[in-house]
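Please read them with the structure open beside you.

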Amino acid sequence: MQSRFIQIFYFIVVLAMLSSCKSYKVVPNGFAVQGDEYFVNINKELTVFLGDDIMEDKNWQGKTNPINAKQVDNRFRRVLRHLRYSDTAYQVLFSGHLEGKYQYDMLAVVNNSPNVKGKKNHLLDLSSFQREQNKEGRYFYTTTTFKGQKLLHFVIPFNGRLWQEKMVSLIFLFPEDFTDIAWAKDVVMSNVAMYRDRYKFTPSRTEILCPDDGSSRSHLDYKIPEEKVNKTGYMLMKGYGEVDGERKLVVYRVMKPGDFYGSFVTCKGDYEILYTTLQDKIVWQTKVNTERDVEF
């Protein structure tokens, strides 16, 4: 009898452990770049507008990137379970903590596939959500509390057609006394507007802050040393220059496996070139001046 009891006890323990191991996967090849307002995922060919707070230097002063696109910690897993996200039907794009006008956590989720005709729906039931729509598009949302925090839950139909559903969810966690929901809606509406009609995936940035007058601009060439080139994974080339006395991102490019060189137009001056992983680890860096020939 005692042996039988022990067996049952161990069975319950193992079952609890397996249940606790239930996890949400992160879509591979996602990143955010310091100086850019967007999160990018290469695999899903998807961009998410993060808001202006991501541009503030204080969000990048720690040892880690404020946007986590590698794993989902236990706290965010509990949030997703609370919101009834299936860990097989959905994947996480990123999670993160940002500071600006407010301090808050942010989480983005995307569905793996649409509902299937004739089978039980596996996507969220949006019938209990509030719906808002204007000329920019539509989204659904709820406001609740969770573990002493205000939880704002937005679902944006990227493709709302029946049996073709593709949805991006943005989840915000604020202090419980947070009331400025219009602020969060502005971030969401920027994404709604971006996804409407003919969305085009463009994972790059170029900012030229000088006139095209024949003398103010030049070409910036770069070439990654052969021994540093990643031949199996995606990398990033980032160019930073000084604008009005501040270090500013003027360009970044996604570099496919094996890519090692490129050129772009920018203002004349000094620039720092960084060759990094998607997780912001610097593999190679150099300084160049666009008015001098670059020696490779």
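1. About 1,100 Å² is buried between domain 1 and domain 2, and carbon and sulfur atoms give 60% of that area; buried area here is the accessible area (1.4 Å probe) that two parts lose on being put together, summed over both. Of the area that domain 1 buries against domain 2, 43% is supplied by Phe31, Val33 and Ile42, more than by any other three residues.

2. This is a predicted model, in which local features need pLDDT of at least 70 and side-chain atom pairs count only at pLDDT 80 or more, while totals for chains, interfaces and linings use all residues. Residues are numbered from 1 along each chain as its sequence is written, and side-chain values use heavy atoms, with hydrogens and water left out.

3. Domain 1 covers 30-195 and domain 2 covers 204-289, with bounds that come from an automatic or database domain assignment. The contact between them (heavy atoms within 4.5 Å) takes 12 residues from domain 1 and 12 residues from domain 2, and the C-alpha centres of the two domains lie 29 Å apart.

4. Between domain 1 and domain 2 there are 2 salt bridges, each being a side-chain nitrogen of Lys or Arg within 4 Å of a carboxyl oxygen of Asp or Glu. The side chains of Glu37 and Arg205 also form a salt bridge, at 3.0 Å from N to O.

5. The whole structure holds 23 aromatic pairs, counted where rings of Phe, Tyr and Trp (its six-membered ring) have centres within 6.5 Å, with planes under 30 degrees apart taken as stacked, over 60 as edge-to-face and the rest as tilted. Tyr195 and Tyr199 have ring centres 5.7 Å apart and planes at 80°, so this pair is edge-to-face.
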